[in-house]
Amino acid sequence: MLEKHFYRSFLKDAFTIPVQVTYWDGKTEIYGNGTPKVGITFHEAIPIRQIIKNASTALGEGYMDGKIDIHGSIEDLITSAYENPNSFFHNKKFIHYLPKVSHDEKESAKDVQEHYDIGNDFYRLWLDKTMTYSCAYFKTPNDDLETAQKNKVDHILAKLNLKPHRSLLDIGCGWGTLMLRAAEKYSVHVVGITLSKEQYDYVNQKINLLGLKDVAEVKLMDYRELGDVQFDYITSVGMFEHVGKENLGEYFNCVANYLAPNGTALIHGITRQQGGALNGWINKWIFPGGYIPGLTENLDHIVENGMQIYDLESLRRHYQKTTETWDDNFNHARGQVEDMFDKRFARMWDLYLQACAASFRSGNIDVMQYLISKGPSGHNLPMTREYMYQ
């Protein structure tokens, strides 16, 4: 009886849409006014102590294990929870405990490998042909994912206003799309850095296939160990979310040290306009060691390390559409994912992708492109933004 009372109290103010909840005893209740848009079934009760310890972790694991089923859109359900200021996402009673994380070089390598070294075959199932695992840029509503990912790379490189035969460092180069595009299209000398062996091998194969060995190099190493070297341009896409709150200052210090005087950097990553945040479930199961820094938090580190902002752009809606597209692709290949891993793994990743889409959709998180100069803002850049779109 106490359990049921707790669940009613916990769920009745959790959402902005009407939700039907079926409990483990078969009884059904509707929370909110109107026809339910989403249904939740609890096949068994998640212990109250686990929910109080960390609601996101307890409910996420309950869904992974099949103790909870969701009928309808997971994205709609989670969006409504983010939009409701009274939900467990905003109630400190249910988010007071978060896992302790470490970000020394050994732990950073382990964290990256746990996520990205799941295997290229897995990511090929739902990413586009460019193997780009970051926010796409939809110039038109009809752009497919591959086109939008190429748009994103070109948008970043256009912002940098690259000149031939200069040097570019890509910190966290992923599967190499950006660095190799810079080498091919703009004739710049590029160095990419990754901690993922799968990505390192893939990029090396692409360098050889494209005949770029004279102008492109990928290194399997921690970005902090690059040494006393400077580059005219730096890019870093989807990287600072991995370094941890305690290492953000060091990350931007490395950017400043590696950037030549009056050089230009484009730093692209998930941030949060309301301030930095962790998510217990994502940190435990998807991105170990992850931390979403706040917008002003990043700006402070940029300025403190002797750099200046020239341009700042939000791509929140683009990342919502990207994650929605990824989830569609993922579910089209769901049988293959289950064969490759198991149903629990597939439920986990589907939940993750829809939760990300919901988080961007609700404005809980954002993605920003910081165009940075080492020296006076925009020293080597045109005076207006028009050049970015030519």
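## Helices α8 and α9

In this predicted model, the axes of helix α8 (residues 177-186) and helix α9 (residues 197-210) come within 11 Å and cross at roughly 20°, where axes are lines fitted to C-alpha atoms, for helices over the stretch in contact, and angles run from 0 to 180 degrees between N-to-C directions. That angle makes α8 roughly parallel to α9, since angles under 35 degrees count as roughly parallel, over 145 as roughly antiparallel, 65 to 115 as roughly perpendicular and the rest as oblique. Helices (H or I, at least four residues) and strands (E, at least two) are DSSP runs, numbered from the N terminus.

The crossing of α8 past α9 is right-handed; a crossing has this hand if the near helix is turned clockwise from the far one by less than a right angle, and is left-handed if anticlockwise. On the α8 side the contact (heavy atoms within 4.5 Å) is made by Met 179, Leu 180 and Glu 184, and on the α9 side by Val 203, Lys 206, Ile 207 and Leu 210. By class, the contact of α8 with α9 has 5 nonpolar, no polar and 2 charged residues, with Ala, Val, Leu, Ile, Met, Phe, Trp, Tyr, Cys and Pro counted as nonpolar, Asp, Glu, Lys and Arg as charged, and the others, Gly among them, as polar.

## Basis of the model

Residues are numbered from 1 along each chain as its sequence is written, and side-chain values use heavy atoms, with hydrogens and water left out. Because this is a predicted model, local features need pLDDT of at least 70 and side-chain atom pairs count only at pLDDT 80 or more, whereas totals for chains, interfaces and linings use all residues.

## Two further helix pairs

Helix α13 (residues 316-332) and helix α15 (residues 343-362) have axes that come within 8 Å and cross at roughly 160°, which makes α13 roughly antiparallel to α15. The passage of α13 by α15 is a left-handed crossing. Residues of α13 including Tyr 319, Trp 326 and Phe 330 meet residues of α15 including Trp 349, Leu 353 and Phe 360, and by class this contact has 9 nonpolar, 4 polar and 5 charged residues.

Helix α10 (residues 248-258) packs against helix α12 (residues 295-304) at an angle of about 45°, with their axes 9 Å apart, and the two helices are therefore oblique to each other. Here α10 passes α12 in a right-handed crossing, and the contact is made by Leu 248, Gly 249 and Phe 252 of α10 together with Glu 297, Asn 298, His 301 and Ile 302 of α12. These residues divide into 3 nonpolar, 3 polar and 1 charged.

Helix α4 (residues 74-83) is mostly covered, with 8 of its 10 residues buried, where buried means under 20% relative accessible area, exposed over 50%, and partly exposed in between (1.4 Å probe, protein chains only). The buried residues of α4 pack against β1 (19-22), β3 (38-42), α3 (55-64), β4 (68-71), α13 and α15.

Phe 122 lies in helix α6 (residues 120-124) and is buried, with a relative accessible area of 1%. Leaving aside neighbours within four places in sequence, Phe 122 is in contact with Phe 330, Val 337, Met 340, Phe 341, Phe 345 and Trp 349.

Glu 313, found in strand β10 (residues 307-314), counts as buried at 13% relative accessibility. Beyond its neighbours within four places in sequence, Glu 313 is in contact with residues including Tyr 137, His 155, Lys 159, Arg 385 and Tyr 389. Glu 313 and Lys 159 are 154 residues apart in sequence and 11 Å apart in space, C-alpha to C-alpha.
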